[in-house]
Amino acid sequence: MSQISQLCRRKRYSCLIGIFVGIISIITCIRLFFQRDSSSSSSIDYHLHNKHTIIPIIPLAIIRNITQTTMTTTTIDFPQVRRPVNKRQFTSPAVESLIEEIQKNIKNKELAWLFENCFPNTLDTTVDFDEKAASEKKPDTYVITGDIDAMWLRDSSAQISPYLPLMRQDKKLRQLIEGVLLRQCIFIQRDPYANAHYKDTNRISEWKHMDKTDMRSGVHERKWELDSLCYVLRLMHSYWKEVNYDLTFFRENEQNFKKTIRIILQTMKEQQRFNESGPYTYQRQGHPSNPSGQEAKPIGLIHTFFRPSDDLQTFPYLIPSQFFAHYTLKLLLELIKKLEWTNDFNDDILKLISNLHDILFDDKIANNEETLITFKHSKYDLIYSYEIDGFGNRNLMDDSNIPSLLSLPYLCPDDIPIKHSIYQNTRKFILSSDNPWFFKGNLLEGIGGPHCGKSMVWPLAIIMRGLTTTDDDEIRFCLDMLQKSHGNTGFMHESINVNSPMHYTRSWFAWANSLFGEFIWKLYREKPYLLN
């Protein structure tokens, strides 16, 4: 009887093994079927649910499972989800060479796959580069955010920033980035208070009849955010640095840049509000209650309405943006001195820097004393406030969008280095449950914000956490979370639920993809062992 039982058991095992092998064979055949055209850059089919979402027909979870359970007999690659070559908006040989190098040399193949998808995503999908204009030395590049067909000053700067070091190897890429700068000049001259614009001035914004503000032709959204102008100044300086301090482009477009810089400085001065509130007003469905904005004491900081998340501020002085303005104004000062434009701008820049410096770097801060922008916390000691009004009111939090308190060493490395004691105190606070917008779940932990609500953390903030630490274990932790954050799409998203990788917002969000690529490239140069 026992022999019969053993025989039956063996048959059952053989049957199960046969089923398992059969499943593997079927899936492998499916994959081979979709790879049958070797001339195509796409290795699998897609379900195009809408123009922004591309889902692999073989779920990544299944592919991972097959690879793990049959490691000794078969290996199945990650699916091809990058846009096919013939459908890409722009291709850079320098970018492609870097992708090939990193894919070849790092052992974590999921990170290599994510880099291949994310790093070129802005070029693949969001840029409209006018080659004819570039050939006439008038480059023009329009850059959408992804699934929103408009160009944000902040996003466009951040999206193309990682490509700057590759310009020396790729003339066309350099022209594309020059086109971004000139397009940004057009937008700032159109309206320096607008955060997002259209290339086509005949397009009518969906917000035109809802927002009570001076909506001009070609403006998508007119939310006054200080960082929008700061990102443009940062891009100007970064471009100059990466072309080996060649001033040719600025000299060839001197009047254009001078006009833009003059408008930026004038806007910042207006919003210091020493004498009056300035020309900008805004209200959407009754918010803010005062179209001129929240009341603030004029102390030299720059009054704004909106955070980089495009959400209304609680108080008018957003501290991360004030630091960013201080730092980018110093960069601008360096540039205009080399251009010998000091007679035009020197006094205004120095005055703005001085006003900001007096508050941001108050001597009391060095003595560990509470000031307008700092708070003596019972648990973390002296930390930076996120927002203040100058009267003593403050908002203690951090938001996922950049500039944030977390991002200060990334955006302002000479002003706030990573080891800065108050930054480190603040970092501990914002990466804890004491920050009302820090969430921790079964899958992820990180910073979110009111824009997407509770339990939704932003990959931008996870990446920024990795970019602002020197601790290898913390970087590994961030990389691990990012590998869990793409929701089986191969791309970064706007936000993702801390407990569910398939619950995310914005499948096509190019800024997050660019920043992820920048992070991986930085680690590849400085800490390659973390990618293995």
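**View 1. Residue classes in the lining of the largest pocket of the predicted model.** The lining comprises 14 nonpolar, 4 polar and 8 charged residues. In total, 26 residues line the largest pocket. Those that lie nearest its centre are Arg-234, Ser-238, Lys-241, Tyr-410 and Glu-518. Two or more lining residues come from each of helix 9 (226-242), helix 12 (319-339), helix 15 (408-411) and helix 19 (510-526). The space in the largest pocket amounts to about 810 Å³.

**View 2. The hairpin of strand 9 and strand 10.** Strand 9 spans residues 374-377 and strand 10 spans residues 381-384. The two strands pair in the antiparallel sense, and 4 bridges link them. Between strand 9 and strand 10 there are 3 residues. One of the contacts shown joins Lys-376 to Leu-382 of strand 10, its bridge partner. As a general point, side chains in a regular strand alternate between the two faces of the sheet.

**View 3. Val-85 in a loop between two helices.** The loop that holds Val-85 lies between helix 2 (60-69) and helix 3 (93-105). The relative accessible area of Val-85 is 48%, so this residue is classed as partly exposed, the limits of that class being 20% and 50%. Asp-124 is 39 residues from Val-85 along the chain. The C-alpha atoms of Val-85 and Asp-124 are 8.4 Å apart in the model.

Definitions and conventions
Residues are numbered from 1 along each chain as its sequence is written. This is a predicted model: local features need pLDDT of at least 70, side-chain atom pairs count only at pLDDT 80 or more; totals for chains, interfaces and linings use all residues. Side-chain values use heavy atoms; hydrogens and water are left out. Buried means under 20% relative accessible area, exposed over 50%, partly exposed in between (1.4 Å probe, protein chains only). Two strands pair if DSSP finds at least two bridges between them. On a 1 Å grid over the protein atoms alone, a cavity is a set of points where a 1.4 Å probe fits but cannot get out, and a pocket is an open set with protein on both sides within 12 Å along at least five of seven lines; lining residues have an atom within 4 Å of a point. Grid points are joined across faces, edges and corners, and a volume is the space filled by probe spheres set on the points. Ala, Val, Leu, Ile, Met, Phe, Trp, Tyr, Cys and Pro count as nonpolar, Asp, Glu, Lys and Arg as charged, and the others, Gly among them, as polar.
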